[in-house]
Amino acid sequence: MISIQNLTVKYAQKTVLKDFSLDMNRGEIYALIGPSGSGKSTLLKALCGILKGESGRIIYNSGEDLSIGYVPQLYGLLDWKNVKDNIYLPLKLKDREKNEKEISDILHSLEIEDILNRYPKELSGGQRQRVALARAFILQPDLLLMDEPFSALDAFTSQVSQKLFLKLWSRYKVTTLFITHNIQEAVNLGQHILIMSKLSGKIVENITNDKELAKETRFQFINQVTESFEKLI
Ligand SMILES: Nc1ncnc2c1ncn2[C@@H]1O[C@H](COP(=O)(O)OP(=O)(O)O)[C@@H](O)[C@H]1O
Ligand SMILES: [Mg+2]
């Protein structure tokens, strides 16, 4: 279990998250949806340490250090480094051993082994997104945070990327918390769908998504999530 407890984050005088708490089962995917400005990106930034929380803590069951992978909105690739250097950067920063076999499997799964020498500006949106996924999965973090990872893609590319993400996720079972604006995407990927309220910066609904749902009930389920969401906006 990964437990976020009583996280409070402020920008100057403005409190965005107040006593935010969430328990996540290891190896599961959590989709976070919520109105614009409700503090979703702030939450991820605080969890990965880019922003300093005022108070709160993250507890990891075994008491070890929690390694966190973060894919920022629009991916955060470094324009002046080629794809290969972008992907290897976290390993370099953490001075971690490279497992070349593992890395080449990941690159192969994401179909990016032929573009390693290109620079980010020479890539399509979908390719950039897959490079960012590779960078995150290579670290095999205990917790993967992704800020609207599929939002900037056209519908088709987004579907392909979601499928590739699930393929990698099934292999590594990384606990994932990702933000989306797209309810269909939340339902496709999230085993848990979290709805954040604008006012309190808290999770107001935590809906379990049963992957075994029959098609008809799945449609009702999407309606149910949509209705919960509509109440907030
Ligand atoms: N660097 C910042 N300085 C001051 N206020 C910020 C900063 N970043 C975000 N905010 C404010 O914090 C609130 C939450 O923002 P954010 O976490 O980006 O929301 P979301 O990702 O849910 O759209 C918003 O009101 C936003 O204007
Ligand atoms: Mg955001």
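**A walk through the sheets and their neighbours**

Modeller: Happy to! Six strands make up an open sheet in the order β5-β6-β7-β3-β8-β9, and their pairing is mixed. Please keep in mind that this is a predicted model. At the edges of this sheet are β5 (68-71) and β9 (203-208), each of which pairs on one side only. From one strand to the next, the twist averages 15°.

A handy landmark is Gly69, which stands opposite Leu144 in β6. As a reminder, strands of a sheet pair through backbone hydrogen bonds, either parallel or antiparallel.

Now for the other sheet. Three strands form this one, also open, in the order β2-β1-β4, and the pairing is antiparallel. Its edge strands are β2 and β4 (55-60), each pairing on one side only. The twist here averages 15° from one strand to the next.

Within this sheet, strand β1 (residues 2-11) is joined to β2 by seven bridges, and the two run antiparallel. If you want a pair to click on, Ile4 stands opposite Leu22 in β2. β1 and β2 form a hairpin with two residues between them, and one residue in the turn, Ala12, has a positive phi of about 45°. Helix α1 lies across β1, β2 and β4, and runs at about 70° to β2.

Next, the helices. The axes of helix α3 (residues 100-109) and helix α4 (residues 125-138) come within 10 Å and cross at roughly 150°. Angles over 145 degrees count as roughly antiparallel, and α3 and α4 are therefore roughly antiparallel to each other. The crossing of α3 past α4 is right-handed. On the α3 side, the contact is made by Ile103, Ile106 and Leu107, and on the α4 side by Ala134, Phe137 and Ile138. By class, that gives six nonpolar residues, with no polar and no charged ones.

α4 has another partner in helix α5 (residues 155-172): the two axes come within 10 Å and cross at roughly 15°. Angles under 35 degrees count as roughly parallel, so α4 and α5 are roughly parallel to each other. This crossing is right-handed too. From α4, the contact uses Gly125, Gly126, Gln129, Arg130, Leu133 and Phe137, while α5 brings Thr157, Val160, Ser161, Leu164, Phe165, Leu168 and Tyr172. The class count for α4 with α5 is seven nonpolar, five polar and one charged.

Note on methods. Residues are numbered from 1 along each chain as its sequence is written. Chains are lettered from A and ligands numbered from 1 in the order in which they are written. This is a predicted model: local features need pLDDT of at least 70, side-chain atom pairs count only at pLDDT 80 or more; totals for chains, interfaces and linings use all residues. Axes are lines fitted to C-alpha atoms, for helices over the stretch in contact, and angles run from 0 to 180 degrees between N-to-C directions. Helices (H or I, at least four residues) and strands (E, at least two) are DSSP runs, numbered from the N terminus. Angles under 35 degrees count as roughly parallel, over 145 as roughly antiparallel, 65 to 115 as roughly perpendicular and the rest as oblique. A crossing is left-handed if the near helix is turned anticlockwise from the far one by less than a right angle, and right-handed if clockwise. Two residues are in contact if their C-beta atoms, placed from the backbone, lie within 7 Å. Ala, Val, Leu, Ile, Met, Phe, Trp, Tyr, Cys and Pro count as nonpolar, Asp, Glu, Lys and Arg as charged, and the others, Gly among them, as polar. Two strands pair if DSSP finds at least two bridges between them.
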